[in-house]
Amino acid sequence: MSVNQQAHAGPPYGQPQPGYQGYQQPAYGAQSLPGVPRAQYGAYNGPMPEYQQPGPPQGSLRAPPTSGAPPPASGASHPSGHLAYSQFEHGDVQNGIPASAAPMQRPPASQPFLPGSGSTPVSQPSAFQQYGPPPASVQQLSNHMAGMTIGTATASAPPPAGLGYGPPTSVPPVSGSFSSPGSGLYTPYSATQGPPPTSVPQGLPVAQPPFPGQTVSTQRLPTQVPGFAPPPPSTGVGPSSYPPTTGAPRPPAMPGPPLPGQTLAGPPSSQPNHVTSPPPPAALAGLHPGPPMSGLHGPPPPTHPPQPGYQMQQNGSFGQVRGPQPNYGGAYPGTPNYGSPPGPPPPPKRLDPDSIPSPIQVIEDDRSNRGSEPFVTGVRGQVPPLVTTNFLVKDQGNASPRYIRCTSYNIPCTSDMAKQSQVPLAAVIKPLATLPPEETLPYLVDHGESGPVRCNRCKAYMCPFMQFIEGGRRFQCCFCSCVTEVPPHYFQHLDHTGKRVDFYDRPELSLGSYEFLATVEYCKNNKFPSPPAFIFMIDVSYNAVKSGLVRLICEELKSLLDYLPREGNMEESAIRVGFVTYNKVLHFYNVKSSLAQPQMMVVSDVADMFVPLLDGFLVNVNESRTVITSLLDQIPEMFADTRETETVFAPVIQAGLEALKAAECAGKLFIFHTSLPIAEAPGKLKNRDDRKLINTDKEKTLFQPQTSFYNNLAKDCVAQGCCVDLFLFPNQYLDVATLGVVPYQTGGSIYKYAYFQLETDQDRFLNDLRRDVQKEVGFDAVMRVRTSTGIRATDFFGAFYMSNTTDVEMAGLDCDKTITVEFKHDDKLSEDSGALLQCALLYTSCAGQRRLRIHNLSLNCCTQLADLYRNCETDTLINYLAKYAYRGVLSSPVKTVRDALINQCAQILACYRKNCASPSSAGQLILPECMKLLPVYLNCVLKSDVLQPGPEVTTDDRAYIRQLVTSMDVAETNVFFYPRLLPLTKADVDSDSLPAAIRNSEERLSKGDIYLLENGLNIFVWVGVSVQQGLIQNLFGVSSFGQISNTLSALPVLENPFSKKVRSIVDMLQGQRSRYMKLIIVKQEDKLEMLFKHFLVEDKSLSGGASYVDFLCHMHKEIRQLLS
Ligand SMILES: [Zn+2]
């Protein structure tokens, strides 16, 4: 019986309205675009399709086309879509190949899995007969299972929608997340305070800070790092023009000894690293009286001056910690007056962290400057707000930055300029990105049987930049300049400006992003696709059973299956499901709705995998609910006493692949796996973990697969549209580098839960699983990026497969995956025409509809390097550089990769200095305003686990992170490399806002406070030793610091404002990330603190990573060497 199922009144595929009802986004049907034409278009023998060989248009099969799908009326009946579904209207018939055509001639080499059951089968023997006579063992197994109890209705009742399964809110409101004032920890330096350097690291020539009070730069102007030198007194235009300075003399270079930590700045306290919060300015002023000009010790008032751009900062905590520092009074820098009046030479000073560019400040400035207005995409080459800013997007002809972000929005006209600058030209593309509910999803345009209008030569799709000429009868391609006839059905008159009069009625003429319904020519074998299938493949070896994992997965699936992705207004998901369990052998299950009990078929011949049944393996959830529930109840019992510890892996993927092939559909395998596959089988692996290889030339082998077998398997999977998502539960090394090959190349995801324990890890795993199953995904996807003449896409980074140099193939592409594309010049560009990108993604929706999603973006081009540097986006640059480096470790020693990264960034900054900044002393470090965070972020990439592992980082961790980062979007790499650190004790319990973030350094922590740090994978809650007992009681429900358990995986639910506030912050952060983050409680001075400190990325790391200050000095040296 159907459990808790609501009756579905409508025919399952009757009204395939376009849209994505299934996950997180409003359906297309719910939107309306004023004026979207509903007119029908005549037949059009248009441009040839790109992805498949052209076939005759199946005109008779397609009803009159509608266009502009959004209007409810036109979308109500979708003829072509209906065609795609119509062949699957009869339940089990949809299982693909008819019996007579079944390719599998071999009988299943089955063997009994559980001996002892001997009665006759209860189910139709015919299910087996088409593949040959069933072995006796199969029948025995069937009988065995038939004798098991059927799950009760209550056991499989789905939870109420919205509780756990509802679409998570993707982008919770974050406005003001960082903006609430009140923390003096990082407030910008005010005009009367000058941060003094305290020592000079590494003997680098470092000039003295600018004269207190001067504004160093304005937005888009270069940033001068005060610790290095004062701003040049010059004024001028362009990037080299500073606001007039107060004429601070340029100090001489001051070499100094190596950075000795805090020799000068050290506080008297025995805990230099755990400073207390800054007292209010008044108190500080009292502590550190000094000449008004110095004002060096007190933090500024907790307000933000409205000046844009980087300002010198003074950090309150430093003011306090360095209380006993020598008096910095005296006119600075004319007479560096450290402690005593003029006379002795200045002691070595350290670059003050508060005087160097602060990520927090940049984030905050962008938030306050750009967070309030929508980002309207009508203007070419606009740099969008930062990913950390909460903003709305209005599509007026260019793709939203949620879909595409670029390293620069103004690219050099010539290859020589590009080479000179060394700034990589790259776009980070997230074709199926989730949008906030306030924004409009791409409209679905249906041109009927003629398909989308395209350029005759380069096959670019109709877009806002195509130029209509000759009264609208032809159009000139904006990418290749070729002139193409406008098909008769698409003809429209032009207005006096040359614009088509239906410009605003057609998404493809007026918007940056939209979709086309694909015609049959865009489908494999010229056949509309079947709806995809999900196959759940569960490791039932000893470890998986013993940890409770098998039972957990089965219990979860019983309800989760009700939440498979649905399209538009469809009542139920079109996705069919199948089940496999495995250890050394594979067990397939027949869950056909007509069976009283599920049947198991065992395949022990794993050397040549095949699927022992077709009919009954992939089923509709609602139709087979009773059988499925029964199966999921029985699986944990069947394997409860297993002693089998060995597993296979490749045959599992092969089995799923074969099943999809047989069903002639694309789909996704969800594989839950626990161990290194050492059982005799194809793809068998050996333990080759060897940490001794770290820092040797052979280190790269740790990232490479140990056999090419999986590469070939991945290729086969992509050809079939078989995407693999892998959930790993290792207790030891299991070679993620090799097991991850197929998930990676098929566009799938890997999740890893080391030392999985039910108690602490089940929430995280279940949340990940729920999201992974429910999220929007396109199948059998091909992406191509076209560019206007002058540049072309040359390199690609991400989880995909490429069989040629232009098409990115993904068996599955979900809403979280990005592809980073690099561009190179192949000709000159012009400032007038700019440069254009068009990303076209052909994919199959979750209901089996073939679609094209198009994103267009126009960029400016420049003949002046300064324009390039003014329009860069460092977050995107870092995304590209990290991916570039993480791929580099596959083929080069890690040190080589690191050096190359540093060198490239030094060249980028040196080129700026040489060509864009006004002349100044070599001792100055001058950074372009848009890249002033490049050094700090680059350092974070360099000291990341992949490029510089600490002792606690396993080989599998590194391989896992390497693959993970490769698919990350810009927001994810941003927080991954520079985690977000929030002082929880500063949170306003009465407001929705987050406490203001602080910089990632131990010096910023106060032992009297509690902090939260998140990086997209983990959330740490750090508790200082001196936190008030009341706060501890409120947050943890215990009476003292000592009683706080650091094994908690969630904060206790307590009824007080502080607990509620902190838990709501945690929930909000969890909702923002694509993976459920692991919560780790860290007590100050506890051993877990080492792990936490690893994420304080401005500090020196245990693995040898430089501190921000040291790295900045190092970069400065590199730049100087390049310039000299
Ligand atoms: Zn063209």
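Buried here means under 20% relative accessible area. Keep that cut-off in mind for the close-ups below, which all come from a predicted model.

**Figure 1. The whole protein, before zooming in.** This predicted model has 27 helices and 29 strands. Of its 1124 residues, 64% are buried. Take the contacts between residues at least 6 apart in sequence: 77% of them join residues at least 24 apart.

**Figure 2. A salt bridge between Arg 851 and Glu 515.** Here the closest N and O atoms of Arg 851 and Glu 515 are 3.5 Å apart. Arg 851 sits in strand E24 (residues 850-862) and Glu 515 in strand E11 (residues 513-517), so this pair ties together parts of the chain that are 336 residues apart in sequence. Arg 851 and Glu 515 are both buried. Searching the whole structure turns up 48 salt bridges, and this is one of them.

**Figure 3. Asp 735 reaches Arg 688.** In this salt bridge the closest N and O atoms come to 2.9 Å. Both partners are loop residues, 47 residues apart: Asp 735 is in the loop between E17 and helix H15 (736-739), while Arg 688 is in the loop between strand E16 (667-673) and helix H14 (709-720). Asp 735 has a relative accessible area of 0%, so with the cut-off at under 20% it counts as buried.

Figure 4. The side chains of Arg 980 and Glu 1014 make a salt bridge of 3.0 Å, N to O. In a separate panel, salt bridges with shared partners join Arg 771, Asp 772, Lys 775, Asp 814, Asp 816 and Lys 817 into one network.

**Figure 5. Stacked rings of Phe 727 and Tyr 751.** The structure holds 32 aromatic pairs. In this one, Phe 727 and Tyr 751 are stacked, at 4.6 Å centre to centre and with 5 degrees between the planes. Phe 727 comes from strand E17 (residues 722-728) and Tyr 751 from strand E18 (residues 750-752), 24 residues apart. Phe 727 and Tyr 751 are both buried. They also belong to one aromatic cluster, together with Phe 672, Phe 729, Tyr 753, Phe 756 and Phe 765.

**Figure 6. Charges over tyrosine rings.** Arg 500 lies over the face of Tyr 490, 4.3 Å from the ring centre. The other panel shows Lys 752 over the face of Tyr 960, at 5.5 Å from the ring centre.

**Figure 7. Inside the nonpolar cores.** The largest nonpolar core has 146 residues, and Leu 586, Phe 588, Ile 671, Tyr 869 and Leu 947 touch the most other members. Helix H20 (residues 894-915) gives this core its largest share, eleven residues. Zoom in on Leu 586 and, leaving aside residues up to four places away in sequence, you'll find contacts including Val 580, Met 601, Met 609, Pro 651 and Ala 655. Apart from this core lies another, of 47 residues, among them Val 602, Leu 632, Phe 729 and Tyr 751.

Terms used:
Residues are numbered from 1 along each chain as its sequence is written. This is a predicted model: local features need pLDDT of at least 70, side-chain atom pairs count only at pLDDT 80 or more; totals for chains, interfaces and linings use all residues. Side-chain values use heavy atoms; hydrogens and water are left out. Rings of Phe, Tyr and Trp (its six-membered ring) pair if their centres lie within 6.5 Å; planes under 30 degrees apart count as stacked, over 60 as edge-to-face and the rest as tilted. Helices (H or I, at least four residues) and strands (E, at least two) are DSSP runs, numbered from the N terminus. Buried means under 20% relative accessible area, exposed over 50%, partly exposed in between (1.4 Å probe, protein chains only). A charge sits over a ring if NZ of Lys or CZ of Arg is within 6 Å of the ring centre and within 35 degrees of the ring normal. A salt bridge is a side-chain nitrogen of Lys or Arg within 4 Å of a carboxyl oxygen of Asp or Glu. Contact means heavy atoms within 4.5 Å. A nonpolar core is a set of buried Ala, Val, Leu, Ile, Met, Phe, Trp, Tyr and Cys residues joined through side-chain atoms within 4.5 Å.
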